[in-house]
Amino acid sequence: MKKGKSTTGNSVGYFPYPGEWLDTESEEIAKSIAKWADSEVIGKRLEFREDFTHQMRSLKILAADIGLHRLIWPEEMGGVGFSVPEASSTLARAYEEIGRADPGIGYISAMNMALGATLIADKKVDKDTKKEIGSIFCSMDDVKLFSLILPGLGNVDTDPRKTVSGREVQADMKKDGDVWVLNAKHARPLNSGHNAYMYAVIAEAPKGFALALVPGKEPGVKTGELLKTTGLLASRSADVDFKEVKVSASHVISIDEIAYKRLITWIDLFSGAIAVGSTMDVYRLVKDWADNRVIKTGGLLKENPMDAAVLAQVAMDIIDSRLLVHCLARAIAKPEAFGIKAEALFILAETVSIK
């Protein structure tokens, strides 16, 4: 087991993790993100906590300057060249540090990285499409956000559509000559619906399901009012209508249940790591307060048996959660080491996400 380090209160260092699953380069990446967290976000919370522009500037430093969003794309596309799924432990550590800084920034980054990891590994995606999407992720000039519109949410007043893993898709597609036509009403994205550069929509198709990659400014795409959020300021989302939106064949990818589950598995891993990082920083704040707060009965708060017991229970829960997230990351990279098949990772991921 290995302890992580943080320049802010060393909160990560309280909680061990299997560091032998990460190489030196992975640890250096985590250290770089920790410095970003401390200087760009945590150190400026009081000044910029409600400033969306600052959050996007911080995300740009993380994604482009540090290179998080380029990490898993091939070098010929401008990426760093880490392979997936082998990079899962590296990414889990990265998102712990991002969660320690700001879960909202981590959330929109995670949705984008989960999509990228899925597309990279999918053999049905042609090279030209991968190159196009990879160039967006690897851009050093700006961060362009993908908004995921997945099964399970949306307008309950529409006619029933097909389900994948028990979740109803929010859109449907049909072929019209050389293009596809996408329709959806009040589709609810997971993230960034209001300011997406491109939408990734899982839709019902004549023969199963398809993933449509739709530019945000495409004719027929209409966003609704900005949704109110709590704690996820970086994700400016909104319901989205797609009315007879034409999608080129190169931007439509056949998707089956296995590919869908692979996407959800990446989302669960990154979201779990963000949650662990966030709780570690909350623990740091509470522990610092308990170490210095003098209570009415005399003595420090941490010396009160009940308060000490609560702090200990919270610490144990964080340790359990962190170990589970890192085990999930390792299982994604090496499923055979856990005695499971790659197709069964979805079950493990959903179990960890509930924990």
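Which backbone oxygen does the side chain of Ser 147 reach? The side chain of Ser 147 reaches that of Asn 191, at 2.5 Å. The views below come from a predicted model, in which local features need pLDDT of at least 70 and side-chain atom pairs count only at pLDDT 80 or more, while totals for chains, interfaces and linings use all residues. Residues are numbered from 1 along each chain as its sequence is written, and side-chain values use heavy atoms, without hydrogens and water.

View 1. Strands are DSSP runs of E, at least two residues, and helices are runs of H or I, at least four, numbered from the N terminus. Ser 147 is buried, at a relative accessible area of 0% (buried means under 20%, with a 1.4 Å probe and protein chains only). Beyond four places in sequence, its contacts (heavy atoms within 4.5 Å) include Pro 189, Asn 191, Gly 193 and Tyr 199.

**View 2. Tyr 283 in helix α7 (residues 257–292).** Tyr 283 is buried, with 11% relative accessibility. Among the residues that Tyr 283 touches, beyond four places in sequence, are Tyr 14, Phe 15, Leu 311 and Ile 318. Tyr 14 lies 269 residues from Tyr 283 in sequence, but the C-alpha atoms are 9.6 Å apart.

**View 3. Trp 266 and Phe 270 in helix α7.** These residues are about one helical turn apart because four residues separate them in the helix. Trp 266 has a relative accessible area of 4% and Phe 270 one of 0%; Trp 266 is buried, as is Phe 270.

**View 4. Arg 236 and the ring of Phe 52.** The charged end of Arg 236 sits over this ring, 4.6 Å from its centre (NZ of Lys or CZ of Arg within 6 Å of the ring centre and within 35 degrees of the ring normal).

Terms used: Buried < 20%, exposed > 50% of the residue type's maximum accessible area, 1.4 Å probe, protein only. Polar contact = N/O pair within 3.5 Å; in protein donor to acceptor, adjacent residues only side chain to side chain.
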